[in-house]
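Colleague: I am new to this structure and would like to understand the words used for it. Could you take me through them one by one?

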Amino acid sequence: MKHATIGFLLFTVLYLTACNGGKGQSGSDTSQMKSFGNNSNSNVLLGAGSTFVYPLFSKLFAEYAKETHVMVNYQSIGSGGGILQLTNKTIDFGDSDAPLNDEQAQKMGVPVLHIPMCAGAVVISYNLPQVKSKLKLTPDVLAGMFLGKITKWNDPQIAKVNPGAALPAIPVFIIHRSEGSGTTNIFTTYLSKVNTDWAKSPGKGSAINWPAGIGGKGNDGVAALIKQTPGAVGYIELAYALQNQMAFADMQNKSGNFITPTVASTTAASNIDIPADAKVSLSNTDAKDGYPISGLTWALIYKEQNYDGRNLMRAQKLLKMLWWNVHDGQKYCEGLDYAQLSPAAVTVAENILKSATFDGKPILQ
């Protein structure tokens with residue numbers, strides 16, 4: 001398998017983290033990030049945020065360092081943590097799987113650019129080793145489980161869409177994210193689109209009040225808890241499920257087709273018109289062959305790069321790295337189970353990057 005192995009933390013550590021609860025939108029240790037943000041090496045760019053895109057970023061930044069000798073120190077702390085650190089100006093860029101909401105944008109105080117990096121699929125992974133066939137889920141069944149209304153795996157609603165499957169009479173054990181998360185935003189935005197009960201409460205967002213289950217930190221934390229818990233079901237990025245040989249369901253899309261999450265079905269979902277600011281949701285796609293729980297991830301930077309003593313050279317290095325990501329870096333997406341940006345999305349990303357300034361003058365010429 002071509003995928004880089006993602007190591008799991010010990011279940012005990014993850015469980016204690018989950019039981020301690022999320023850290024809201026921070027998702028990070030403040031003292032650690034202050035030290036991280038004070039790195040003065042001008043040849044090291046600092047980023048933090050999404051765990052959704054971490055497998056891809058690890059590869060991209062390693063390859064970029066080989067080509068340019070510019071290092072990128074990226075901390076995979078969750079989208080909420082990345083947004084907080086960008087707000088605090090301790091990093092050069094954040095990464096989030098959800099655009100800034102009004103409250104977050106207000107705290108930033110100045111314009112922030114959203115540069116699309118790639119698209120990915122959020123899969124519904126489960127721990128049912130006794131079930132040999134691939135499970136199928138409908139939107140209502142998925143919402144029913146996460147609302148705490150479907151509590152056993154042999155529930156008639158699950159059995160109806162999986163005829164012949166030997167479903168066990170064990171509890172459905174929900175695993176969700178414990179911290180502010182763009183992956184959660186993709187997942188809950190999807191559920192809010194397809195289920196009226198979910199839309200009323202708990203609704204959509206990067207951090208919500210979960211009706212059921214326990215939380216794990218990051219995609220890797222959720223994946224570890226699923227693997228350790230019989231009867232568990234949770235949502236993780238496709239790369240984490242494939243790299244760790246985890247079972248995941250086919251989801252029924254808007255067209256009524258049951259779609260396996262793959263690079264191809266994610267690409268189909270992302271083949272849409274991209275607005276000039278790149279802020280768009282891919283979930284509940286109209287594409288007949290599109291996987292319905294898909295989303296973009298965005299690098300976040302301040303539009304005006306002259307702040308807090310930054311110099312022009314550092315801003316240029318940041319913009320050149322992000323330009324490389326949306327061009328040369330795209331060839332690494334498919335091998336790590338992400339969908340490349342469409343040509344239209346690349347054009348939008350180029351225009352956004354060209355709008356970044358230093359002292360009001362464009363950085364990229």
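Modeller: Let us begin with contact, which means that heavy atoms lie within 4.5 Å. This is a predicted model, in which local features need pLDDT of at least 70 and side-chain atom pairs count only at pLDDT 80 or more, while totals for chains, interfaces and linings use all residues. Residues are numbered from 1 along each chain as its sequence is written, and side-chain values use heavy atoms, with hydrogens and water left out.

Colleague: With which residues is His114 in contact, leaving aside its neighbours within four places in sequence?

Modeller: Beyond those neighbours, His114 is in contact with Pro99, Leu100, Asp277, Ala278, Lys279, Trp298, Ala299, Leu300 and Ile352. For Ile352, the C-alpha atom lies 7.6 Å from that of His114, although the two residues are 238 apart in sequence.

Colleague: Why is His114 called buried?

Modeller: Buried means under 20% relative accessible area, exposed means over 50%, and partly exposed is what lies in between, with a 1.4 Å probe and protein chains only. His114 has a relative accessible area of 3%, and is therefore buried. His114 is placed in strand S4 (residues 112-126), a strand being a DSSP run of E with at least two residues, and a helix a run of H or I with at least four, both numbered from the N terminus.

Colleague: What makes Tyr54 count as partly exposed?

Modeller: Its relative accessibility is 33%, so Tyr54 counts as partly exposed. Tyr54 lies in helix H3 and, not counting residues up to four places away in sequence, touches Tyr74, Ser76, Tyr240 and Tyr338.

Colleague: How do you know whether Thr184 is buried or exposed?

Modeller: Thr184 has a relative accessible area of 1%, and is therefore buried. This residue, Thr184, lies in helix H8 (residues 182-194), and, leaving aside neighbours within four places in sequence, Thr184 is in contact with Arg177, Gly205, Ser206, Trp210 and Tyr235.

Colleague: Why are H3 and H13 called oblique to each other?

Modeller: Helix H3 (residues 54-68) and helix H13 (residues 312-326) pack at an angle of about 120 degrees, with their axes 11 Å apart. Axes are lines fitted to C-alpha atoms, for helices over the stretch in contact, and angles run from 0 to 180 degrees between N-to-C directions. Angles under 35 degrees count as roughly parallel, over 145 as roughly antiparallel, 65 to 115 as roughly perpendicular and the rest as oblique, and H3 and H13 are therefore oblique to each other. Their contact is made by Phe57, Leu60, Phe61, Glu63, Tyr64 and Glu67 of H3 and by Lys317, Lys320, Met321, Trp324 and Asn325 of H13.

Colleague: How do the residues of the contact of H3 with H13 divide?

Modeller: They divide into six nonpolar, one polar and four charged, where Ala, Val, Leu, Ile, Met, Phe, Trp, Tyr, Cys and Pro count as nonpolar, Asp, Glu, Lys and Arg as charged, and the others, Gly among them, as polar.

Colleague: What angle do helix H6 and H8 make where they pack?

Modeller: Helix H6 (residues 139-146) and H8 pack at an angle of about 120 degrees, with their axes 10 Å apart, and that makes H6 oblique to H8. Pro139, Asp140, Leu142, Ala143 and Phe146 of H6 make the contact with Phe187, Tyr190, Leu191 and Val194 of H8, and by class the contact has eight nonpolar, no polar and one charged residues.
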